[in-house]
Amino acid sequence: MVTEAGKRVQEFYNKTPFPDYELERFKTKEDLRIAAYPFAEILDRSIPENASIIDVGTGTGQLSAFLSLRRKCVWGIDFSDGSLSKARKLKEQLKLKSWTLKKVDLLDTEQIEAIGRKFDYVLCMGVLHHTGYTHQGFENILRLLKPGGYIGVGLYNTYGRIPLQIRKFLAKTIFKNNNILNNTIKDWFIRMQIGNIEDKERARGWWSDQYLHPYETTHSVGEVLKWFKGNQIDFYQTVPSSTLFDDTSLETAGVWNTTSQKYPSFLARICKQIAWIWQTHQEGGYWITFGKKKI
Ligand SMILES: C[S@@+](CC[C@H](N)C(=O)[O-])C[C@H]1O[C@@H](n2cnc3c(N)ncnc32)[C@H](O)[C@@H]1O
């Protein structure tokens, strides 16, 4: 059964699927390839072609659809019919045969088990912090990971999200009653996060997701390390880095790579997360942790 927070989140994404895009933009597979964001390209290069992938909380599936272009088995699961409907149209339009879509509530263990198979890679980007049961959700999605398989989890950081929370407060209060100011500020805030607002669908989707969301929580690196430890997951790295004096770019380090980052000490985590207030403020304090399940 979907939780109370879950119902609100499901309703929200049924009305405002994320990431939003015009289906007409993707007439060919090449269009999807060209539209891929740098992070998606890095992931694509880091995951072998013969690996199976599941993207949990895939939304409208822009990432999983892209990853399926070079692979035989990529799944995208989500509990929002609105988002999945757009993803299904994209699948049909581009005839993406290796991309499987399924409606699944990640908090429902029976639905997770009903998938009936495990994957080499489990991705869960920007999802768990909307569930209300982040830790339980994390343990549930691990059921989908093969021993020796890789995981990437993207969450809002407790420190890094502070500037966005301030912007959100300003948008809801001071700027709300002045239409001209409100629209200018709104464009500025969105531009800050996604660069340009020419793609209206995308800009609207981001505004809703970041400023009008009914439910979100924030998390610390220490919390995720605890989940990893408790579930036999070896820590690989965080993006941005949580190792002191390490600013190796993701492109150089590769995604599942242990060589550039050390297991972050308490001191390193505190220093780095305080720095994230500035460093990740444009992304709304979003960070990703990568790891590998022990065999
Ligand atoms: C911010 S969107 C992220 C979409 C995509 N992962 C991305 O990074 O572009 C969050 C997605 O998580 C899904 N979601 C939230 N709670 C969920 C749950 N309990 N089970 C399955 N999907 C869920 C929402 O429907 C939504 O599509």
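In strand S5, the bridge partner of Met125 is Gly154. Six bridges make up this link: 6 bridges join S4 to S5, and the two strands run parallel. Strands here are DSSP runs of E with at least two residues, and helices are runs of H or I with at least four residues, both numbered from the N terminus. Two strands count as paired if DSSP finds at least two bridges between them. The model is a predicted one, in which local features need pLDDT of at least 70 and side-chain atom pairs count only at pLDDT 80 or more, while totals for chains, interfaces and linings use all residues. Residues are numbered from 1 along each chain, as its sequence is written.

The pairing of S4 and S5 belongs to an open sheet of 7 strands. Their order is S3-S2-S1-S4-S5-S7-S6, and the pairing is mixed. Strand S3 (99-103) and strand S6 (233-239) form the edges, each pairing on one side only. From one strand to the next, the twist averages 15°. Such angles run from 0 to 180 degrees between N-to-C directions, and axes are lines fitted to C-alpha atoms, for helices over the stretch in contact.

Strand S4 (residues 119-125) also pairs with strand S1 (residues 53-56). These two run parallel and are joined by 3 bridges. Here Ile54 has Val122 of S4 as its bridge partner. On its other pairing, strand S5 (residues 145-156) meets S7 through 7 bridges, in the antiparallel sense. Leu155 is bridged to Trp287 of S7. S7 also pairs with S6, antiparallel, over 6 bridges. Asp234 has Lys292 of S7 as its partner.

How many residues of S5 are buried? The count is 9 of 12, so S5 is largely enclosed by the rest of the structure. Strand S7 (residues 286-293) is mostly covered as well, with 6 of its 8 residues buried. A residue is buried if 20 or more other C-beta atoms lie within 10 Å of its own, exposed if 12 or fewer, and partly exposed in between; the C-beta atoms are placed from the backbone.

Residues are in contact if their C-beta atoms, placed from the backbone, lie within 7 Å. By class, the contact of H1 with H5 holds 1 nonpolar, 3 polar and 2 charged residues. Ala, Val, Leu, Ile, Met, Phe, Trp, Tyr, Cys and Pro count as nonpolar, Asp, Glu, Lys and Arg as charged, and the others, Gly among them, as polar.

The ligand is surrounded by 22 residues. The closest are Gly57, Gly59, Phe79, Ser80 and Met125. A residue is near a molecule if its C-beta atom, placed from the backbone, lies within 6 Å of it. Helix H1 (residues 4-15) gives the most to this shell, with 3 residues. The shell divides into 10 nonpolar, 9 polar and 3 charged residues.

The chain is divided into domain 1 (4-159 + 217-293) and domain 2 (162-211). These bounds come from an automatic or database domain assignment. The two centres, taken over C-alpha atoms, are separated by 24 Å. Domain 1 gives 13 residues to the contact and domain 2 gives 12. The side of domain 1 that touches domain 2 has 5 nonpolar, 5 polar and 3 charged residues.

Some backbone details lie in loops. The peptide bond from Phe18 to Pro19 is cis, with omega near -10°. Pro19 lies between H1 and helix H2 (29-35). A cis bond also runs from Val239 to Pro240, with omega near 0°. Pro240 sits in the loop between S6 and helix H12 (250-253). Lys95 is not a glycine, yet has a positive phi of about 50°. This residue is in the loop between H5 and S3. Lys95 counts as exposed because it has 8 C-beta neighbours inside 10 Å. Gln232 has a phi near 60°, again positive in a residue other than glycine. Gln232 lies in the loop between helix H11 (221-230) and S6. With 13 C-beta neighbours inside 10 Å, Gln232 counts as partly exposed.

Technical notes: Two residues are in contact if their C-beta atoms, placed from the backbone, lie within 7 Å.
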